[in-house]
Amino acid sequence: MRREAIFNYTLLFALLAFPLWAWTADEPFLITLTTRAIIFAIAGVGLNFALGFGGLVSLGHAAFFGLGGYVMGVLAYHAQTYTAFVTWPFVIEGTNSMLMIWLVAVVLSAVLALAIGALSLRTSGVYFIMITLAFAQMLYYFTISWPKYGGEDGLSIYVRNQFFGLNTMDSIQFFAVCYGVLLLVLLFVFLVSRSPFGLMLGAARQNEARVQAVGQTPFRLYLTAFAVSGAITGLAGAMFADLNRFVSPTMFSWQTSGEIMIFVILGGVGRVFGPVAGAVLFIILEHLLGGLSDYWHIYLGAILLGVVLFARGGLYGLIAGRQVAHE
Amino acid sequence: MSNPVLQIRGVSKSFGALEASKNIKLDVQTGEIHALIGPNGAGKSTLIQQIAGGLQPDRGHILFMDQDVTTLSTAARARKGMARTFQISSLAMEYTVLQNAVLGALGARGDVYRFFRPVMKDQKLLSTAQEMLALLGLGDVQNTITSELSHGQRRQLEVAVALTSSPKLFLMDEPMAGLGAEASKKLMAFLADLKKQAPILLVEHDMDAVFALADRISVLVYGEIIATGTVEEIRSNPAVRLAYLGEEAEE
């Protein structure tokens with residue numbers, strides 16, 4: 001088996017074994033911490049779909065993470081207050097069904113990504129980075145100034161949403177749900193990475209003229225990739241809000257976009273499992289270094305600098321070696 | 001006799017005061033190699049780009065298989081059967097040789113928006129790709145990463161990828177550039193055979209190659225076609241000698 005594959009399975013196993021151990025040791029905090037890493041990993045896998053496979057450096061993925069969060073917040077808020085979200089021209093009720101919330105989050109995030117992508121993908125390089133950032137900032141300030149759902153203070157939900165009769169307030173059960181979603185998302189991205197679309201998207205990243213010469217349009221490939229990417233990150237946002245039972249404009253902030261990008265870079269750009277490793281490493285660092293100092297980000301910055309300068313492939317580059325073309 | 005595969009009708013293109021293409025008329029007939037020659041800066045690349053779709057002409061029309069393609073995108077023209085090889089190799093460098101060839105076959109087949117089936121296990125794409133690689137003598141290196149190929153092998157791969165789409169016309173921008181004498185000769189023999197499959201519009205600096213290969217030659221000088229004709233006609237054309245071959249001889 002290739003080293004990369006071995007590392008993938010080790011990672012998945014550790015992500016399952018650690019919380020199970022924490023469960024038997026009665027350490028719910030550690031289970032929640034792992035769940036947080038898993039949700040961040042999903043957000044990172046989403047960004048990596050655009051950034052790693054399509055070469056689209058988006059610094060605005062907080063827009064989708066935040067939108068997913070607010071989809072959960074708003075729908076659950078209306079469910080818990082027994083009010084309707086919209087009463088005219090037809091009634092839209094809130095819901096506390098996790099599946100329904102995920103579905104709405106995925107669809108709306110994909111639509112938002114299509115809109116943002118349709119405008120920003122006409123640019124490239126630094127302009128693309130700035131435009132995606134600007135869209136996320138617009139949403140950030142919009143939610144701050146929208147008092148109905150808490151404005152700057154955010155919105156609290158008292159009980160986690162429902163998932164097929166599970167007790168989602170039990171940390172190990174909620175963890176199991178999130179772990180399952182991560183597996184499905186990874187499977188999806190793995191399949192797409194070796195599909196016709198994946199091959200053509202990767203070619204567009206490497207050489208747009210080549211893609212045009214074989215009769216395809218890079219813009220359409222990028223837009224599709226951006227929508228899929230936004231949808232996955234939006235799903236993670238809805239789960240993150242459920243984990244915290246709280247949403248606030250912070251989910252839309254540029255720091256959030258930056259953190260999602262850090263997961264991707266730390267783990268290894270363009271690897272299916274890269275962001276999983278990156279998110280886990282980020283949580284470990286946050287936990288360990290955060291214990292040392294409130295200013296732990298300065299150490300994180302140093303590590304990030306080291307990765308960018310000396311280990312461009314991130315954790316996966318170090319462990320699995322140079323990227324090999326998928327067969 | 002059928003119409004020419006490619007007809008360029010009065011195409012003009014200016015960049016500010018510079019007229020890169022002046023009322024160009026040119027056609028490529030079935031079964032021929034039509035060479036486009038001219039000194040540096042004559043506007044060959046500008047013309048090729050307008051044919052392939054990278055640039056819009058200011059005036060004039062480009063007809064491909066009796067259809068006006070002047071306003072179509074590069075990708076749309078490629079799908080209609082225009083296959084291009086680039087002056088500077090333009091391949092997906094991180095992919096294997098085989099992946100590049102499969103890319104060509106996939107692009108031509110068009111079912112790109114499929115997300116769940118493994119493309120490198122698609123037997124139809126693979127057999128087309130492998131057949132073309134074998135034709136160009138790249139069968140042994142099909143699992144090599146493209147960036148590790150020699151310059152000559154990349155040029156051959158460009159041609160192989162172009163072939164995977166079973167094109168109706170080849171636009172070849174200096175396919176021999178930078179090739180050794182041996183590789184050059186091989187490629188020439190290959191092109192001489194290839195024209196039976198689809199005609200070739202060949203931009204080439206290597207005069208020996210042009211005179212050996214071309215059925216007809218057009219000479220482009222300062223954005224204007226000053227002569228079109230057979231090898232003999234071009235060789236003996238005084239205007240061409242003065243404007244082009246003469247200049248070369250003086251160097």
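Reply: Domain bounds here come from an automatic or database domain assignment. The model is predicted, with local features needing pLDDT of at least 70 and side-chain atom pairs counting only at pLDDT 80 or more, while totals for chains, interfaces and linings use all residues. Residues are numbered from 1 along each chain as its sequence is written, and chains are lettered from A and ligands numbered from 1 in the order in which they are written.

Chain B has domain 1 (1–81 + 167–251) and domain 2 (91–166). Their centres, taken over C-alpha atoms, are 26 Å apart. Each of the two domains puts eight residues into their contact (C-beta atoms, placed from the backbone, within 7 Å). On the domain 1 side, five of these are nonpolar, two polar and one charged (nonpolar: Ala, Val, Leu, Ile, Met, Phe, Trp, Tyr, Cys and Pro; charged: Asp, Glu, Lys and Arg; polar: the others, Gly among them).

Strand E1 (residues 6–15) pairs antiparallel with strand E4 (residues 59–64) over five bridges (pairing takes at least two bridges found by DSSP). In this pair, B:Arg9 is bridged to B:His61. E4(B) also pairs antiparallel with strand E5 (residues 67–68), over two bridges, and B:Leu63 has B:Asp68 as its bridge partner. Two residues lie between the strands of this hairpin, where B:Met65 has a positive phi near 50°.

Conventions
Helices (H or I, at least four residues) and strands (E, at least two) are DSSP runs, numbered from the N terminus.
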